[in-house]
Amino acid sequence: MIEPDERFFSEGQGYFGPRENPATETHCNVWDWDQLRWTKVKGTAKLFPPGEDVGTSGLAQFADYLSPEVRAITVDDDVSGVIFTLYEIVTNDTHFTSNPHRDRNIDMVQSIEWACHHELDSDLSKFRNFLNEWVATRTDRAIERYLNAPERITWPDLPTPPDYDVPFELGSTEGETVWRTGERSRRTALQKGQYCFLWERPPQSRLLKKA
């Protein structure tokens with residue numbers, strides 16, 4: 001059984017520029033022990049602050065819904081996008097659009113009164129309350145919601161690998177094939193046309209639906 005708090009492992013964040021710049025491109029490789037694969041989580045330094053393991057929580061939101069072919073996802077700050085868009089629709093105030101997305105803070109509009117310039121089918125306060133409740137659900141740490149799930153899916157432990165090495169070709173010398181034993185990459189095995197076990201598996205939630 002894979003404990004939820006042990007499912008994901010992160011290598012840490014890699015910054016392609018100054019960490020202090022919110023717009024710096026940032027990548028984080030996360031290992032999923034459930035599906036047995038690496039997934040690259042992409043974003044910016046604003047979403048991946050130094051010293052915080054945001055990559056695992058970012059992947060936890062989507063891991064069980066990704067296609068097996070997906071090897072990378074991009075995390076966007078959709079919360080601030082929704083808030084500013086709704087604010088502009090209700091108030092007709094578009095002066096925040098001149099600010100780059102990385103410089104927008106939700107408190108810029110959440111902490112002020114909204115002057116309604118559109119006819120709404122309900123009181124503005126109801127829209128604001130609904131928005132605040134939605135923001136609270138999106139800003140909660142996704143990994144904590146995953147860990148606190150009412151039911152945990154069980155799965156057998158991983159098998160012990162065999163204690164032997166499979167010979168494989170390692171070039172040639174004077175026309176003679178050189179054979180070696182030891183570790184080899186799956187890419188090498190596939191290039192040689194050798195059998196290679198595809199160990200990726202779909203998420204447990206998807207397997208249960210087929211059962």
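A salt bridge is a side-chain nitrogen of Lys or Arg within 4 Å of a carboxyl oxygen of Asp or Glu. The model discussed here is predicted.

Me: How many residues apart are D32 and R7 in the chain?
Reply: D32 forms a salt bridge with R7. This pair links distant parts of the chain, with D32 in strand β2 and R7 in the segment before β1. Their separation is 25 residues.

Me: Is R7 buried or exposed?
Reply: The cut-off for a buried residue is under 20% relative accessible area. R7 has a relative accessibility of 3%, so R7 counts as buried.

Me: Is D34 buried or exposed?
Reply: D34 sits in the loop between β2 and β3. Its relative accessible area is 3%, so D34 is buried.

Me: What distance separates the end C-alpha atoms of helix α2?
Reply: Helix α2 covers residues 78-91, which makes 14 residues. At 1.5 Å a residue, α2 should span 20 Å. The distance between its end C-alpha atoms agrees with that: 20 Å.

Me: Which residue with a positive phi follows α2?
Reply: Buried residues of α2 include V90 and T91. After the helix comes a residue with a phi near 65°, and that residue is N92.

Methods: Residues numbered from 1 in each chain as written. Predicted model: local features only at pLDDT ≥ 70, side-chain atom pairs only at ≥ 80, totals over all residues. Heavy atoms only, no water. Helix = DSSP H or I, 4+ residues; strand = E, 2+ residues; numbered from the N terminus. Buried < 20%, exposed > 50% of the residue type's maximum accessible area, 1.4 Å probe, protein only. Expected span 1.5 Å × (residues − 1).
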